[in-house]
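These are my notebook entries on one protein model. I record below what I looked up, entry by entry.

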Amino acid sequence: MTSSHHLDRTDFVILEILQNNALLPNKQVAAEVNLSPSACHERIKRLKDSGILQSSHAVVDSKAYGVGFEAMFFIQLDRHEALLVEEFMQEVVGLPEVKSVTLISGAYDIVAHLRVRDIDHLKSLAFEKFTKRAYITKIESSIIYDFKESRVQKPL
(Lines give C-alpha, C1' and ligand atoms only; values in the text may rest on other atoms or scores of the structure.)
Protein backbone atom coordinates (compact mmCIF):
# COMPACT_ATOMS: atom_id res chain seq x y z
CA MET A 1 0.00 0.00 0.00
CA THR A 2 1.31 3.41 -0.88
CA SER A 3 1.49 5.96 1.90
CA SER A 4 -0.71 8.35 -0.10
CA HIS A 5 -3.60 5.88 -0.26
CA HIS A 6 -6.28 6.70 2.31
CA LEU A 7 -8.94 4.19 3.30
CA ASP A 8 -12.26 5.50 4.52
CA ARG A 9 -15.02 3.78 6.46
CA THR A 10 -16.69 2.54 3.24
CA ASP A 11 -13.42 0.97 2.05
CA PHE A 12 -13.09 -0.87 5.37
CA VAL A 13 -16.67 -2.16 5.15
CA ILE A 14 -16.10 -3.34 1.57
CA LEU A 15 -12.93 -5.15 2.67
CA GLU A 16 -14.76 -6.81 5.56
CA ILE A 17 -17.60 -7.95 3.28
CA LEU A 18 -15.17 -9.40 0.73
CA GLN A 19 -13.11 -11.13 3.42
CA ASN A 20 -16.27 -12.85 4.63
CA ASN A 21 -17.36 -13.83 1.12
CA ALA A 22 -15.35 -12.79 -1.91
CA LEU A 23 -17.91 -14.48 -4.18
CA LEU A 24 -20.62 -11.92 -3.50
CA PRO A 25 -21.72 -10.11 -6.65
CA ASN A 26 -20.66 -6.47 -6.90
CA LYS A 27 -24.32 -5.43 -6.90
CA GLN A 28 -24.85 -7.02 -3.47
CA VAL A 29 -21.65 -5.47 -2.03
CA ALA A 30 -22.75 -2.09 -3.38
CA ALA A 31 -26.17 -2.42 -1.73
CA GLU A 32 -24.58 -3.32 1.62
CA VAL A 33 -22.38 -0.19 1.59
CA ASN A 34 -25.03 2.06 0.05
CA LEU A 35 -23.15 2.78 -3.18
CA SER A 36 -24.09 2.45 -6.82
CA PRO A 37 -22.68 -0.72 -8.43
CA SER A 38 -20.35 1.35 -10.62
CA ALA A 39 -18.97 3.35 -7.66
CA CYS A 40 -18.49 0.14 -5.68
CA HIS A 41 -16.75 -1.50 -8.64
CA GLU A 42 -14.36 1.46 -8.90
CA ARG A 43 -13.52 1.25 -5.19
CA ILE A 44 -12.82 -2.48 -5.40
CA LYS A 45 -10.68 -1.90 -8.51
CA ARG A 46 -8.73 0.81 -6.66
CA LEU A 47 -8.24 -1.53 -3.67
CA LYS A 48 -6.90 -4.22 -6.02
CA ASP A 49 -4.71 -1.87 -8.05
CA SER A 50 -3.14 -0.41 -4.90
CA GLY A 51 -2.28 -3.89 -3.58
CA ILE A 52 -4.52 -3.62 -0.53
CA LEU A 53 -6.92 -6.28 -1.83
CA GLN A 54 -4.42 -8.92 -2.90
CA SER A 55 -6.48 -12.01 -3.75
CA SER A 56 -9.57 -14.02 -2.96
CA HIS A 57 -9.78 -17.66 -1.95
CA ALA A 58 -12.33 -20.41 -1.64
CA VAL A 59 -12.40 -22.15 1.73
CA VAL A 60 -12.84 -25.89 1.24
CA ASP A 61 -13.74 -28.45 3.89
CA SER A 62 -10.55 -30.55 4.29
CA LYS A 63 -12.61 -33.69 4.82
CA ALA A 64 -13.69 -33.45 1.17
CA TYR A 65 -10.05 -34.30 0.35
CA GLY A 66 -9.85 -37.12 2.87
CA VAL A 67 -7.97 -34.98 5.37
CA GLY A 68 -9.22 -35.40 8.91
CA PHE A 69 -6.14 -34.75 11.01
CA GLU A 70 -4.19 -31.55 11.68
CA ALA A 71 -0.91 -31.02 13.49
CA MET A 72 1.87 -28.51 14.00
CA PHE A 73 5.56 -29.12 13.51
CA PHE A 74 7.81 -26.89 15.62
CA ILE A 75 11.14 -26.91 13.81
CA GLN A 76 14.57 -25.91 15.03
CA LEU A 77 17.35 -25.14 12.52
CA ASP A 78 21.08 -25.39 13.12
CA ARG A 79 21.75 -22.09 11.31
CA HIS A 80 19.79 -18.99 10.42
CA GLU A 81 21.08 -17.99 7.01
CA ALA A 82 18.44 -15.90 5.27
CA LEU A 83 18.65 -17.79 1.98
CA LEU A 84 18.45 -21.21 3.66
CA VAL A 85 15.44 -20.19 5.75
CA GLU A 86 13.64 -18.65 2.77
CA GLU A 87 14.30 -21.66 0.52
CA PHE A 88 13.16 -24.07 3.24
CA MET A 89 9.96 -22.11 3.86
CA GLN A 90 9.19 -21.96 0.12
CA GLU A 91 9.76 -25.71 -0.29
CA VAL A 92 7.66 -26.57 2.75
CA VAL A 93 4.71 -24.33 1.89
CA GLY A 94 4.64 -26.03 -1.51
CA LEU A 95 3.91 -29.43 0.05
CA PRO A 96 0.23 -30.37 -0.30
CA GLU A 97 0.01 -31.24 3.41
CA VAL A 98 1.20 -27.81 4.56
CA LYS A 99 -1.49 -25.25 5.33
CA SER A 100 0.96 -22.56 6.45
CA VAL A 101 4.55 -22.05 7.50
CA THR A 102 5.67 -19.31 9.87
CA LEU A 103 9.09 -17.97 10.87
CA ILE A 104 9.04 -17.32 14.62
CA SER A 105 11.33 -16.29 17.45
CA GLY A 106 12.03 -18.34 20.56
CA ALA A 107 13.09 -21.95 21.10
CA TYR A 108 11.95 -22.94 17.61
CA ASP A 109 12.53 -21.21 14.31
CA ILE A 110 9.63 -22.34 12.15
CA VAL A 111 6.11 -23.61 12.72
CA ALA A 112 4.36 -25.61 10.01
CA HIS A 113 0.60 -26.17 10.19
CA LEU A 114 -0.15 -29.53 8.56
CA ARG A 115 -3.21 -31.36 7.25
CA VAL A 116 -2.85 -35.12 6.87
CA ARG A 117 -5.03 -38.23 6.54
CA ASP A 118 -3.96 -39.87 9.80
CA ILE A 119 -1.07 -40.40 12.25
CA ASP A 120 0.78 -42.67 9.82
CA HIS A 121 0.65 -39.96 7.16
CA LEU A 122 2.04 -37.46 9.71
CA LYS A 123 4.88 -39.83 10.64
CA SER A 124 5.71 -40.43 6.98
CA LEU A 125 5.71 -36.68 6.28
CA ALA A 126 8.04 -36.05 9.22
CA PHE A 127 10.58 -38.65 8.12
CA GLU A 128 10.40 -38.17 4.35
CA LYS A 129 10.07 -34.40 4.04
CA PHE A 130 11.53 -32.90 7.19
CA THR A 131 13.98 -34.87 9.36
CA LYS A 132 16.23 -35.98 6.51
CA ARG A 133 17.35 -32.36 6.03
CA ALA A 134 20.76 -32.04 7.72
CA TYR A 135 20.14 -28.48 8.95
CA ILE A 136 17.04 -29.44 10.95
CA THR A 137 18.16 -30.20 14.49
CA LYS A 138 14.79 -30.80 16.14
CA ILE A 139 11.13 -31.27 15.27
CA GLU A 140 8.41 -31.35 17.88
CA SER A 141 4.88 -32.17 16.80
CA SER A 142 1.57 -31.29 18.37
CA ILE A 143 -1.84 -32.60 17.39
CA ILE A 144 -4.51 -29.97 16.73
CA TYR A 145 -7.78 -30.88 18.40
CA ASP A 146 -9.71 -27.84 17.23
CA PHE A 147 -8.91 -24.79 15.14
CA LYS A 148 -10.72 -21.47 14.92
CA GLU A 149 -9.62 -18.78 12.54
CA SER A 150 -10.74 -15.25 11.84
CA ARG A 151 -10.13 -14.47 8.21
CA VAL A 152 -11.43 -10.94 8.63
CA GLN A 153 -8.89 -8.24 9.36
CA LYS A 154 -10.24 -5.02 10.78
CA PRO A 155 -8.51 -1.74 11.52
CA LEU A 156 -7.17 -1.57 15.05
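**Entry 1: the elements**

How many helices and strands does the secondary structure of the protein chain come to? I found five helices and four strands. I kept in mind throughout that this is a predicted model. Reading from the N terminus on, I noted the order of the elements as α-α-α-β-α-β-β-α-β.

**Entry 2: overall dimensions**

I next looked up the radius of gyration of the protein chain, which is 20 Å. For a compact globule of 156 residues, the value would be near 15 Å. Taken along the principal axes, the C-alpha atoms fill a box of roughly 55 × 35 × 25 Å.

**Entry 3: surface, burial and contacts**

I looked up how much of the protein chain is covered, and 33% of its 156 residues count as buried. The chain exposes about 10,600 Å², and carbon and sulfur atoms supply 52% of this area. I also looked at contacts between residues at least 6 apart in sequence; of these, 66% join residues at least 24 apart. For the charges, I noted 19 positive and 21 negative ones, whose mean positions are 4 Å apart.

**Entry 4: the nonpolar cores**

Which residues have the most contacts inside the largest nonpolar core? They are F73, I75, F88, I110 and F130, in a core of 22 residues. I then traced which elements supply at least two residues each to this core: strand 1 (69-77), helix 4 (82-93), strand 2 (98-103), strand 3 (110-116) and helix 5 (119-130). Helix 4 gives the most, with five residues.

**Entry 5: L114**

Is L114 buried or exposed? I located L114 in strand 3. L114 counts as buried because its relative accessibility is 0%, and the cut-off for buried is under 20%. Not counting residues up to four places away in sequence, L114 touches F69, E70, A71, F73, E97, V98, L122 and L125. I also looked up L114 and M72, which are 42 residues apart in sequence; their C-alpha atoms are 5.9 Å apart in space.

**Entry 6: H80**

I found H80 in the loop between strand 1 and helix 4. H80 counts as exposed because its relative accessibility is 56%, and the cut-off for exposed is over 50%. Leaving aside neighbours within four places in sequence, I noted that H80 is in contact with V85 and D109. H80 and E128 are 48 residues apart along the chain, and their C-alpha atoms are separated by 22 Å.

**Entry 7: S142**

I turned to strand 4 (residues 136-144), where S142 lies. Which residues is S142 in contact with, leaving aside its neighbours within four places in sequence? I recorded A71, M72 and F74. I also looked up the C-alpha atoms of S142 and H121, which are 21 residues apart along the chain; the separation is 14 Å.

**Entry 8: N34**

Where is N34 found? I placed N34 in the loop between helix 2 (26-32) and helix 3 (37-49). N34 has a positive phi of about 60°, although this residue is not a glycine. I noted for context that most residues other than glycine have a negative phi.

Note on methods. Residues numbered from 1 in each chain as written. Predicted model: local features only at pLDDT ≥ 70, side-chain atom pairs only at ≥ 80, totals over all residues. Heavy atoms only, no water. Rg over C-alpha atoms; globule rule 2.2 N^0.38 Å. Buried < 20%, exposed > 50% of the residue type's maximum accessible area, 1.4 Å probe, protein only. Contact = heavy atoms within 4.5 Å. Areas by Shrake-Rupley, 256 points an atom, 1.4 Å probe, with all protein chains shown as cover. Lys, Arg positive; Asp, Glu negative; His and termini not counted. Charge placed at Lys NZ, Arg CZ, Asp CG, Glu CD. Core = buried A, V, L, I, M, F, W, Y, C linked by side-chain atoms within 4.5 Å.
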